[in-house]
Amino acid sequence: MKDKLLAIAAEVFKKEIEEIDIEQSREQMGGWDSIAHIHLIAGVEEVFNISIPFEDTAKINALRDFLRYLQ
């Protein structure tokens, strides 16, 4: 699960998977702007076949925040 999440983030942020950590926040991840945020959420929803409520999307401030939707 975490590996898939990191792979999605690596693709969105155009980084090597080794450069990304589950604990990284928006501030620590270069390039995490509003457009990347949308792409990241869409990628997670597609790969894991889930739907994150719109009102929760602003609460996602680190990669680890996705884990609550994946359990």
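Good morning, colleagues. The model is a prediction, in which local features need pLDDT of at least 70 and side-chain atom pairs count only at pLDDT 80 or more, while totals for chains, interfaces and linings use all residues. Residues are numbered from 1 along each chain as its sequence is written, and side-chain values use heavy atoms, with hydrogens and water left out.

I begin with confidence. The pLDDT value is the predictor's confidence in each residue, on a scale from 0 to 100. For this chain the mean pLDDT is 95, and 100% of the residues reach 70 or more.

Let me turn to the helices. Helices here are DSSP runs of H or I with at least four residues, strands are runs of E with at least two, and both are numbered from the N terminus. How do helix 1 and helix 2 pack? Helix 1 covers residues 2-13 and helix 2 covers residues 34-48; the angle between them is about 145°, and their axes are 10 Å apart. Axes are lines fitted to C-alpha atoms, for helices over the stretch in contact, and the angle, from 0 to 180 degrees, is taken between N-to-C directions. The crossing of helix 1 past helix 2 is right-handed.

Which residues make the contact? Contact means heavy atoms within 4.5 Å. Helix 1 contributes Lys 4, Leu 5, Ile 8, Ala 9, Val 12 and Phe 13, and helix 2 contributes Ala 36, His 39, Leu 40, Gly 43, Val 44, Val 47 and Phe 48. By type, these residues are 10 nonpolar, two polar and one charged. In this scheme Ala, Val, Leu, Ile, Met, Phe, Trp, Tyr, Cys and Pro are nonpolar, Asp, Glu, Lys and Arg are charged, and the others, Gly among them, are polar.

Next, the core. A nonpolar core is a set of buried Ala, Val, Leu, Ile, Met, Phe, Trp, Tyr and Cys residues joined through side-chain atoms within 4.5 Å. Buried means under 20% relative accessible area, exposed means over 50%, and partly exposed lies in between, using a 1.4 Å probe and protein chains only. The largest nonpolar core has 22 residues, of which Leu 40, Leu 63 and Phe 66 touch the most other members. Helix 1, helix 2 and helix 3 are the elements that give two or more residues to this core, and helix 1 gives the most, with six. Leu 40 itself, apart from neighbours within four places in sequence, is in contact with Ile 8, Ala 9, Val 12, Phe 13, Trp 32, Leu 63 and Phe 66. In soluble globular proteins, nonpolar side chains tend to be buried together.

I now come to the loop between helix 1 and helix 2. Apart from neighbours within four places, Ser 25 is in contact with Trp 32, Asn 61 and Ala 62.

Lys 15 is also found in the loop between helix 1 and helix 2, and is partly exposed at 26%. Not counting residues up to four places away, Lys 15 touches Ala 10, Ile 20, Met 29 and Gly 30.

Two residues deserve a word on backbone geometry. Most residues other than glycine have a negative phi. Lys 14, however, has a positive phi of about 55°; Lys 14 is in the loop between helix 1 and helix 2 and is exposed at 73%. Asn 49 has a positive phi near 55°, lies in the loop between helix 2 and helix 3, and is exposed at 71%.

Finally, Asn 61 is in the loop between helix 2 and helix 3 and is partly exposed at 36%. Beyond residues up to four places away, Asn 61 touches Ser 25, Arg 26 and Trp 32. Thank you.

Definitions and conventions
A crossing is left-handed if the near helix is turned anticlockwise from the far one by less than a right angle, and right-handed if clockwise.
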